[in-house]
Amino acid sequence: VTGVQTCALPILLAITKLEGGGMHLSTTLELMDDIVEEALRHVNPAVREHDLKVVPCDEPALVNVDARLMVQLVVNLVNNAIAYTPAGSHIVISIGADGGCVRCSVADDGPGIAPEDRERIFESFYTANHGLADSCRSVGLGLSLVWEIVKLHGGTVCVENSSEAGTTVAVSLPLR
């Protein structure tokens with residue numbers, strides 16, 4: 001396959017299925033803290049080069065989700081933070097419940113995302129600071145898959161730059 005890394009093919013196929021309505025959701029009631037815990041078993045091993053902290057929810061944050069897809073969502077968010085921050089950076093995963101929603105955010109203290117890139121980072125094959133993906137860094141599909149998974153679950157996703165440095169990607173899902 002020309003121009004697409006082989007490791008990106010499963011992600012591309014998943015996005016295609018999600019966009020086309022060809023993926024069946026198998027939803028169960030899950031604790032968001034458990035989803036994050038499982039996802040951390042599957043993130044890029046380079047996470048060891050970062051200072052990772054998890055801030056769990058003070059109360060049971062139950063969501064009705066396809067656990068397999070939600071684990072993939074968290075893996076993608078953490079892997080993105082790893083890829084775009086230097087070794088030694090801080091990555092914080094926070095889970096909270098408020099106003100009928102569960103919010104799961106992944107924040108880092110890296111260089112942040114330029115305002116002109118923030119609107120496009122959820123597009124397939126787009127990578128911040130590089131426009132279209134190159135074969136050295138990323139194929140630009142991880143956040144596109146996050147967008148599709150969140151949309152399928154009736155949630156929202158947004159990206160925020162910190163006032164100091166870094167980026168926070170926050171996902172909100174209906175609380176059950």
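**View 1. The buried residues of helix H2 and the elements that they pack against.** In this predicted model, the buried residues of H2 pack against strand E1 (28-31), E2, strand E3 (62-65), helix H3 (67-83), E4 and E5, where contact means heavy atoms within 4.5 Å. Helices (H or I, at least four residues) and strands (E, at least two) are DSSP runs, numbered from the N terminus. Met32, Ile35, Val36 and Ala39 are the buried residues in H2, with buried standing for under 20% relative accessible area, exposed for over 50% and partly exposed for values in between (1.4 Å probe, protein chains only). They lie on the same side of H2, because the arc that they cover around the axis is only 95°, an arc taken from the directions from the helix axis to the C-beta atoms. In general, an α-helix has 3.6 residues a turn, so residues three or four places apart point the same way.

**View 2. The open five-stranded sheet.** The strands of this open sheet follow the order E2-E4-E5-E9-E8, and their pairing is mixed; two strands pair if DSSP finds at least two bridges between them. E2 and strand E8 (156-161) stand at the edges with a single partner strand each, so that one side of each is left without a neighbour in the sheet. On average, neighbouring strands of this sheet are turned by 15° against each other, direction ignored. Axes are lines fitted to C-alpha atoms, for helices over the stretch in contact, and angles run from 0 to 180 degrees between N-to-C directions.

**View 3. The pairing of E4 with E5, and helix H2 on the sheet.** Eight bridges join strand E4 (residues 90-98) to strand E5 (residues 101-108) in the antiparallel sense, and Ile95 has Cys104 in E5 as its bridge partner. H2 packs on the sheet, where it touches E2, E4 and E5, and its direction makes about 160° with that of E4.

**View 4. The surroundings of His50.** His50 is found in the loop between helix H2 (32-39) and strand E2 (51-55), and it counts as buried because its relative accessibility is 10%. Its side chain makes a polar contact with the side chain of Thr85 (3.0 Å), that is, a pair of N or O atoms within 3.5 Å; within protein, one must be able to donate a hydrogen and the other to accept it, and residues adjacent in sequence count only if both atoms are side-chain atoms. Leaving aside residues up to four places away in sequence, His50 touches Ile82, Thr85, Pro86, Ala87, Gly88, Ser89 and Ile91.

**Notes to all views.** Residues are numbered from 1 along each chain as its sequence is written, and side-chain values use heavy atoms, with hydrogens and water left out. Because the model is predicted, local features need pLDDT of at least 70 and side-chain atom pairs count only at pLDDT 80 or more, whereas totals for chains, interfaces and linings use all residues.
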